[in-house]
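Please examine the model shown below together with its sequence. The explanation that follows begins with confidence and then turns to the links and packing within the chain.

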Amino acid sequence: MSTTHRTGRAVLRSIAAASLIAGALSLTVGVAHAGECPADKVGVNVTEPGPSEPKEVKDTVIGSIDLASYGEGLAGRKLRTRMLEIQPGGIVPWHSHEQRPAIIYVLEGAILEYSGNCAVPIEHKAGEVSVETTEVQHWWKNEGDTVVKLLSSDVLPDQMAANMQ
């Protein structure tokens with residue numbers, strides 16, 4: 001058998017193995033998009049602002065990057081990733097994402113989001129992602145019996161980045 005033929009078969013076997021692994025992973029670790037507001041409950045300022053202080057939340061910065069060297073307009077901005085642990089009854093207070101886009105991944109538990117754009121609470125469960133953009137104003141509450149763990153990555157605006165430790 002020629003070297004080219006053996007190499008071709010090895011490549012095909014590698015592709016087949018990778019495809020099987022990818023398929024198996026997609027069945028077990030696929031990321032679902034977080035719960036969404038029902039279409040008939042969406043509105044503008046349909047939920048009043050909630051609590052203004054955190055309660056029973058441990059907020060740990062895992063890492064951050066100064067974005068100044070990554071392009072124009074990024075001076076003074078930081079990309080930050082945090083772990084939030086919210087105890088039962090705990091609250092992440094009312095806040096806006098007008099200048100601070102974020103992506104939240106629910107690692108453990110389930111938590112309710114009270115959004116200014118939704119007349120009912122939105123449930124977010126382990127394995128789901130919440131994308132928080134300029135129009136999002138909300139607060140979160142752990143109404144369950146177990147600790148909720150969130151992984152949060154956001155881009156901080158100048159004034160917040162300057163105050164970040």
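**Confidence, links and core of the predicted chain**

Where pLDDT is low, the predicted coordinates should not be read in detail. For the protein chain the average pLDDT is 81, and 75% of the residues score at least 70. Among its elements, helix α1 (residues 3-28) has the lowest mean pLDDT, 44, whereas β2 has the highest, 96. Helices (H or I, at least four residues) and strands (E, at least two) are DSSP runs, numbered from the N terminus.

This is a predicted model, in which local features need pLDDT of at least 70 and side-chain atom pairs count only at pLDDT 80 or more, while totals for chains, interfaces and linings use all residues. Residues are numbered from 1 along each chain as its sequence is written, and side-chain values use heavy atoms, with hydrogens and water left out.

The structure contains 1 disulfide, a term that denotes a pair of cysteine sulfur atoms within 2.5 Å. Cys37 and Cys118 form this link, with an S to S distance of 2.0 Å. The link is right-handed, with 85° about the S-S bond of Cys37 and Cys118. It connects distant parts of the chain: Cys37 lies in the loop between β1 (32-33) and β2 (55-66), and Cys118 in the loop between β5 (110-115) and β6 (122-125), 81 residues apart. Both Cys37 and Cys118 are buried; buried means under 20% relative accessible area, exposed over 50%, and partly exposed in between (1.4 Å probe, protein chains only).

Asp59 is partly exposed, at a relative accessible area of 42%, whereas Arg82 is buried, at 10%.

Another salt bridge brings together the side chains of Arg80 and Asp154 (2.8 Å, N to O). Here distant parts of the chain are linked, with Arg80 in strand β3 and Asp154 in strand β9 (residues 148-156), 74 residues apart. Arg80 and Asp154 are both buried.

Strand β9 also carries Lys149, which is linked to Glu108 in strand β4 (residues 102-108), 41 residues away. The salt bridge between Lys149 and Glu108 spans 4.0 Å, N to O. Lys149 is partly exposed at 25% relative accessibility, and Glu108 is partly exposed at 39%. Through shared partners, salt bridges join Asp59, Arg80, Arg82, Arg100 and Asp154 into one network.

What makes up the largest nonpolar core? It has 9 residues: Leu84, Ile86, Val92, Ile104, Val106, Ile111, Trp140, Val148 and Leu150. A nonpolar core is a set of buried Ala, Val, Leu, Ile, Met, Phe, Trp, Tyr and Cys residues joined through side-chain atoms within 4.5 Å. At least two residues of this core come from each of β3, β4 and β9, and β3 supplies the largest share, 3 residues. Leaving aside residues up to four places away in sequence, Ile111 touches Ile86, Ile122, Glu123, His124, Trp140, Lys141, Asn142, Val148 and Leu150.

Methods. Contact means heavy atoms within 4.5 Å. pLDDT is the predictor's confidence in each residue, from 0 to 100.
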